[in-house]
Amino acid sequence: MVEPGSGYLACGMTGPGRLADPEEIVAAIDSEARKRHDLEGETVLITAGPTQEPLDPVRYLTNRSSGKMGYALAEAAAARGAKVVLISGPVHLAPPRGVEVISVRTAVEMRAKVMENLGPAHIVIKSAAVADFHLSKVPDQKVKKTAARISLELDPTPDILAELGRKKDDRLLIGFAAETQNLVQEARRKLESKNCDMVVGNLVGGADVGFESDQNEVILVLRTGETIPLERASKREIADRIFDQVLKLRLALHAANGR
Ligand code: CTP
């Protein structure tokens, strides 16, 4: 059901009753047409986007993540029938249809919201590009240009994925590895050190795939030892292929555990 748009109406009144935006109608049809229902009954927790780590009241450290991959994953999971909670750093993207979006700014805030919403989640996907370092004591006032050179001493942020790996229970845990080199090796190292079931390896730094692009090309590194390359496609298409592999992996892990 697409609700009517709101605004100035032909009868002279203002309020709900206009034809909904064509983009909204197309998005609704598109999401219905893509529905596969194979995530019905599942709760999927996804993190997306960068984090912003304040340096003072006007400045912050961040990275080039656009959030597009995480939002595409949320949209794909919702279209396949899952209940989706998307914990998002600051991005310029519209909330996907049928998804609960929780906005956060810093790594510390993201950690708190992830832990708060972890309980019912069957699948957790950490696509956010979380800052690794922050200022643990942010000055109350703007830093002034009083010296010719200043240096920043940063402390590590909490590693949310590693913490999730320690309290994994029955959940499927999927991490991301954004690398500029040694992609598979780094993805496997993260899979093992953070106790994940799958790591989505993503080469970044090139012009046409990765962070700000609408396209992506990734390699899935699985707990079973397999490595599955996913050819270049739109992030929405890649999101569906990732969920196809997540569901296959769960069957394989259950079979291996005799369930
Ligand atoms: N991650 C996280 N919390 C952090 C840092 C990273 O949850 N403080 C998660 C990311 O969401 C991603 C995965 O860990 O799913 C890998 O992130 P990355 O920054 O590539 O890994 P690092 O552990 O920081 O490793 P390195 O700096 O050696 O590349």
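This is a predicted model: local features need pLDDT of at least 70, side-chain atom pairs count only at pLDDT 80 or more; totals for chains, interfaces and linings use all residues.
Visitor: How many helices and strands does the protein have?
Guide: Helices (H or I, at least four residues) and strands (E, at least two) are DSSP runs, numbered from the N terminus. By that reading the protein has 6 helices and 14 strands, and its C-alpha trace spans about 65 × 60 × 35 Å along the principal axes.

Visitor: In what order do the strands of the open sheet lie?
Guide: Two strands pair if DSSP finds at least two bridges between them. Here 8 strands form an open sheet with mixed pairing, in the order S7-S6-S3-S8-S11-S12-S13-S14. The edge strands are S7 and S14 (227-234), each of which pairs on one side only, and from one strand to the next the twist averages 20 degrees.

Visitor: Which strands in the sheet run parallel, and where can I see a bridge?
Guide: Strand S3 (residues 43-48) runs parallel to S6, and 6 bridges join them, with Thr43 standing opposite Lys83 in S6. S6 also pairs in the parallel sense with strand S7 (residues 99-103), over 5 bridges, and there Ser88 has Ser103 in S7 as its bridge partner. For the antiparallel sense, look at strand S13 (residues 215-222) and S14, which pair over 6 bridges; the bridge partner of Ile219 is Pro229 in S14.

Visitor: Is strand S6 buried or exposed?
Guide: Buried means under 20% relative accessible area, exposed means over 50%, and partly exposed lies in between, using a 1.4 Å probe and protein chains only. In strand S6 (residues 83-88), 5 of the 6 residues are buried, so this strand is largely enclosed by the rest of the structure. In the protein, buried residues make up 46% of the 259 residues.

Visitor: Which strands does helix H2 lie across?
Guide: Contact means heavy atoms within 4.5 Å, while axes are lines fitted to C-alpha atoms, for helices over the stretch in contact, and angles run from 0 to 180 degrees between N-to-C directions. H2 lies across S3, S6, S7, S8 (123-126), S11 (172-179) and S13, and runs at about 170 degrees to S6.

Visitor: At what angle do the axes of H2 and H6 cross?
Guide: Helix H2 (residues 68-79) and helix H6 (residues 235-256) have axes that come within 8 Å and cross at roughly 60 degrees. That makes H2 oblique to H6, since angles under 35 degrees count as roughly parallel, over 145 as roughly antiparallel, 65 to 115 as roughly perpendicular and the rest as oblique.

Visitor: Which residues meet where H2 and H6 are in contact?
Guide: On the H2 side they include Met69, Ala72 and Leu73, and on the H6 side they include Ile238, Ala239 and Phe243. The residues of this contact divide into 10 nonpolar, no polar and 5 charged, where Ala, Val, Leu, Ile, Met, Phe, Trp, Tyr, Cys and Pro count as nonpolar, Asp, Glu, Lys and Arg as charged, and the others, Gly among them, as polar.

Visitor: Where is a positive phi found in a residue other than glycine?
Guide: His37 has a phi near 65 degrees; this residue is in the loop between helix H1 (22-34) and S3, and is partly exposed, with a relative accessible area of 44%. Asn195 has a positive phi near 55 degrees, is found in the loop between helix H5 (183-193) and strand S12 (198-203), and counts as partly exposed at 30% relative accessibility.

Visitor: How many residues lie between S1 and S2 in their hairpin?
Guide: The hairpin has 5 residues between S1 and S2, and Gly12 in the turn has a positive phi of about 95 degrees. Strand S1 (residues 5-8) and strand S2 (residues 14-18) run antiparallel and are joined by 4 bridges, with Gly5 opposite Arg18 in S2.

Note on methods: Residues are numbered from 1 along each chain as its sequence is written. Side-chain values use heavy atoms; hydrogens and water are left out.
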